[in-house]
Structure formats: C-alpha cells, structure tokens
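Open the model and keep the sequence at hand. The tour below goes from aromatic rings to a helix and then to charged pairs.

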Amino acid sequence: MAAVNRDRLKNILLDLVRIDSLSRREGACARRIQREMENLGVTCRFDNAAEKVKGEVGNLIARIEGTVRGAPPLLICAHMDTVAPGEGVKPIVEGDIIRTDGTTVLGGDDKSGCAIILETIHQLHEQQIPHGPVEAVFTVCEEIGLLGAKHLDLNMIEAREGLVYDSDAPGYLFVRAPGAKALRFTVRGLEAHAGMAPERGLSAIKIASEAIATMRLGRVDDETTANLGLIQGGRALNIIPNEVVVRGEARSRNNAKLDRQVAHMIQCFEDAVGRANVTLEGKRFDASLNYAVHTEYEAMNVPDDAPIVRKVVEAARRAGRVVKPEAMGGGCDANILNRRGLVVANLGTGMRDIHTVREWLDINDMAATAEVTLELIRLQAGG
C-alpha cells in the first residue's frame, strides 16, 4: 500500500485555506498550486474560463506524463473557490483535527480536495509509482453554479474517466447526485403609508410570506430538497412594501420529482398573489407575480458497475479500506463532467459542517482518500 506524508498533507491544506479564494477570485490560490506542481516538474496550463466567468483566472490543468506505455489517462479534480464568509481564514489545529475559529468557513470545501491531489502527485514523484498519464484539474467558480466545469476546455483534457474530490463522507464514492433548478419570484403589491393608510396598500412581503408558509421546503423526500435562501424587498419601515424578490432552489435525483417540486413552489406563489387585491375609489388593484426558473445542473447517475467505480472499490480494498458507492444530496463538478461525456464519480475527503463557521476536518480522512487514489493510479496502470 502506498502511504502518504501526513505532515506535508496537513501543511499544504493549512497553506491553501489561508489563501482567500472566493468565487472569481481564485488567482492567488491557483498560483500557489501551480508553484507546487511546477516544483515537481509538472506542466501546468490555464484554459480560457476566466473570460467566460469574468474571474481572475481560468481552470488550472496539470498533466503528469505516464511511465507505463498504453495505460489510460486518469482525471483527478477539485475546485479552488470557497464560499463566504471565507476571507481571512485562521485555522485552528488540534492534532489531526483542523477547525475554523468560528468567524469564517474553513474552506475544506474544496481545499481538502486540492491538498489530496497535490500530496498524491508528490507521492507519484517520490515513490516512483508506475502510472499512466494523470491529469489534475483545479476548477474555478464551482460554488456559484459549477461554472468552471461548464467552461472547462475539454480539448486540453485527454482523460475520459476519473474522480472529483468534493464531498464530506470519507469511505463513500458518490455516484448519484441531484439535478438543481434555481427559482426567482418577484411579487409586486401596492405601496402606501404604513401608519396613515395601511389598508390602501398591498404588502408584497406579506404576500410572499403567505406563499412561503404553504410551501414544502427542506427535505421533501429521500431524493428531493428545496430551499428559499434570499429575500430582498422594501424601502423603509413606514412604507407598505410594493415589491419583494425571493430566490431559491430545488434539487432532486429524480427529474419528475424535481419538476413537481418546482411546479409546487410556483403554485404557492400564484395562489398567494391571486388572493391579494385592494379596491381604491372604485378601482381594483391586484398583486402580480413574475417568476423565472433556471436549470443549474442536471442529475448525475454513474452506474455502480462502471469501470471507474469498480476500480475505486478495488483500489480501496488493496489499500486496506472500504469505499461504498452511494447517493448524495449536493451537486458538484462531476454533474457537469458526466453530462459533457466523461465518467466521473465523487470521492469523499472528510470535510464536515461545510458552508458553516463550524467547519472542520480530520487529516486522517484526507490521508485515507489519498491512499485510495494512489492505489487507483497503480491499478489504472495495470498494476
């Protein structure tokens, strides 16, 4: 079994999480990764995704030439961007546990994946493990719609199967993930003085709240979730608000369920808006609704018997570990890459409480994932 250098893995992670890299601002993180790669003699290039996402830098693509003739190339991928609050991260180290200080996210999503890839490449170099071509891709703007993967220049990639490292549970290979649709509702009412004549107004915020109160949100069933995450409206405390914008999403691994959930959310708003009207001086004023639905990404469904899945399970066995194919509730770059003709699964890194200021991870989980990856690379080369 190929072991990893846990101290170096930890130090790489700590270096990366201390680098601010909110979406569209991944430049410093990309340069740090590029420097690490090039010090190992790895060729690095950037694609033109930067101009398409209006960011600092495009996707970073590194290719490690194979040492075994004829071995198929393997893709390993993680994203460089993090969510807010993600600036000025000050990690707390408690042995092998890395935590946030409670004021920001840690950025283990997905700096843990980036660190695992870098340590894997270190080990290929140091242990001289026989391998085919390995293509390491570090994407941008994953957190704002998987934009880096959507604009990844596949002409720069030879591999057609591989792994994304972007999920919490260690020991799981996520092969099924939901599709997602983003929703935007704009409710328009009628402004009035809140103290002098509230009965002459139609509160857009009140109408929207009535719609939300009737809506199925959170975990709808074992395949489907829904959330309303942003509300903007009103101009002053003493004005009945005449407009509010509510934005949310629905996700499901089942396309029919996703469509039904979206239709339900729309109907809740239509019903609440349809009930809202006021008559002034003999003229009726009705509330109105505009809405838009946008497909963020399609569902992922990699068969359990796909070659990449069978190889990861066998690689884990050889590493003395167990990896199980499973379904997850989040989307990731693998959703996009599978739709673009690759076969890519998502291997857990051990990040916990992601997208919160309670985020933490265990270096031992990351090391386990790196060890499985090294065995996978050996297996891919016919070892």
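Rings of Phe, Tyr and Trp (its six-membered ring) count as a pair if their centres lie within 6.5 Å; planes under 30 degrees apart are stacked, over 60 edge-to-face, and the rest tilted. Searching the whole structure turns up three aromatic pairs. One of them joins Y172 and F174. This pair is stacked, with 6.2 Å centre to centre and 25° between the planes.

A word on the source. This is a predicted model, where local features need pLDDT of at least 70, side-chain atom pairs count only at pLDDT 80 or more, and totals for chains, interfaces and linings use all residues. Residues are numbered from 1 along each chain as its sequence is written, and side-chain values use heavy atoms, with hydrogens and water left out.

Is F174 buried or exposed? Buried means under 20% relative accessible area, exposed means over 50%, and partly exposed is in between (1.4 Å probe, protein chains only). F174 has 6% relative accessibility, so F174 counts as buried.

Helices (H or I, at least four residues) and strands (E, at least two) are DSSP runs, numbered from the N terminus. F185 sits in strand β9 (residues 179-188) and Y291 in strand β15 (residues 288-297). The pair links distant parts of the chain, 106 residues apart. F185 is buried at 0% relative accessibility, while Y291 is partly exposed at 41%.

The rule asks for NZ of Lys or CZ of Arg within 6 Å of the ring centre and within 35 degrees of the ring normal. R99 lies over the face of W360, 5.6 Å from the ring centre.

Now turn to helix α6 (residues 204-213). Its buried residues are A204, I207, A208 and A211. An α-helix has 3.6 residues a turn, so residues three or four places apart point the same way. The cover over the buried residues of α6 includes β9, β12 (243-252) and α7 (255-274); contact here means heavy atoms within 4.5 Å.

A salt bridge is a side-chain nitrogen of Lys or Arg within 4 Å of a carboxyl oxygen of Asp or Glu. By this rule there are 26 salt bridges. E210 forms one with K206, with 2.6 Å between the closest N and O atoms. E210 and K206 are four residues apart in α6, so about one helical turn separates them. E210 is partly exposed at 28%.

Other bridges span more of the sequence. E126 and R8 meet at 2.5 Å, N to O. E126 lies in helix α4 (residues 108-127) and R8 in helix α1 (residues 6-17), so the bridge ties together parts 118 residues apart in sequence. E126 is partly exposed at 45%, but R8 is buried at 17%.

E371 pairs with R321, at 2.9 Å between the closest N and O atoms. E371 is in helix α10 (residues 363-380), and R321 is in the loop between α8 (307-318) and β17 (324-327), 50 residues apart. E371 is buried at 3%; R321 is partly exposed at 32%.
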